[in-house]
Amino acid sequence: YEPLRDAAERSGRYFGFAYAPHLAQQDANYRAIAEREFSMVTAENTMKWESVQPSEGQFNWSGADAVVDFAQANNQEVYGHTLVWHSQLPGWASNISDPTRLSTVMKDHINAVAGRYKGDIAYWDVVNEAFEDNGTRRQSVFQRVLGDGYIEEAFREARSADPNAKLCINDYSTDAINSKSTAIYNLVRDFKARGVPIDCVGLQSHLIVGQVPSTYQQNIQRFVDLGVEVRITELDIRMNTPASQQNIAQQAQDYKKVFEACWAVDGCNGVTIWGISDQYSWIPDVFSGEGAALPWNSDYSVKPALAELAQVM
Ligand code: XIL
């Protein structure tokens, strides 16, 4: 079949995946699919704070460089993930309690990372997972020490560090119209009204089989109507394992629905899946007893989901 990236490109959209450089080293099948099928690359882990700045002022660029190099070698765009996040944040940063110092540390981190890759990154997840499901702010170290203004501060810093990267806010369980997505909607509306730089909203879309929200498309549309792009940034669709035939068939329909919802809205500019094959998916590590969430089986045979999403593209 035709590479999926070509199909997506005909619709003016990107098809991306979460990339782990060590897997391309050790697994030729992984590497071949990574090179052939995708037009955008997100670092699954190697651009996170703990990877690039494990101790204060000590930067390790090897894993992040490997992602950018891979993408450039394969004519792919890079989706930067992520600058400010409470998770995979080293202890030295998460223990800071002085606001002036944390503000400096946050801005220095943004400058160092976005500055190093200036011009190489199409989009940055500037702030990841800042909200609780009920729409209140997550009490991360940034929120507790810096207060509500930290998101704006981070976006302004990212804009000055790399003026050409599109700047996104990203979160999970924001796929439907609900309290959490509405909190982000209100933040984007406020930023747009006050001229705070923001260009896009990332919907992670870690979904459960049979539960693609009925308001997905409407939700995407309302963000686009505010004047930002929407991207589906971390799609996977999990189920109980071992997977039943029925769930695998349902999953194919669910993947199709996600792509249809995005493709139906001008301004939903691409979908990224969170991995390639089930073999290396993060799901079983975090959701015990669940998995089978990606379009490729562990042996790289394709699931029905792959045929469905190829149709929609
Ligand atoms: C996950 C990775 O897939 C795992 O390898 C890692 O151990 C934990 O993080 N939301 C995000 C991603 O924004 O960065 C997370 O990635 C999945 C949930």
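**Disulfides**

I started with the torsion about the S-S bond of C168 and C200: the angle is about -55°, so this disulfide is left-handed. The sulfur atoms of C168 and C200 are 1.8 Å apart, and I count a disulfide as a pair of cysteine sulfur atoms within 2.5 Å. My search of the whole structure turned up two disulfides.

**Ground rules**

I am working with a predicted model, where local features need pLDDT of at least 70, side-chain atom pairs count only at pLDDT 80 or more, and totals for chains, interfaces and linings use all residues. My residue numbers run from 1 along each chain as its sequence is written, and side-chain values use heavy atoms, with hydrogens and water left out.

**Confidence**

I looked up pLDDT (the predictor's confidence in each residue, from 0 to 100). The protein chain averages 98, and 100% of the residues score at least 70. For the complex, I noted an ipTM of 0.99 and a pTM of 0.98 from the predictor.

**Ligand shell**

**Polar contacts**

I then checked pairs of N or O atoms within 3.5 Å. E44 places a polar side-chain atom 2.5 Å from a ligand oxygen. For W274, an N or O atom in the side chain is 2.9 Å from an oxygen atom of the ligand. Q204 has a polar side-chain atom 3.3 Å from a ligand nitrogen.

Conventions. Polar contact = N/O pair within 3.5 Å; in protein donor to acceptor, adjacent residues only side chain to side chain.
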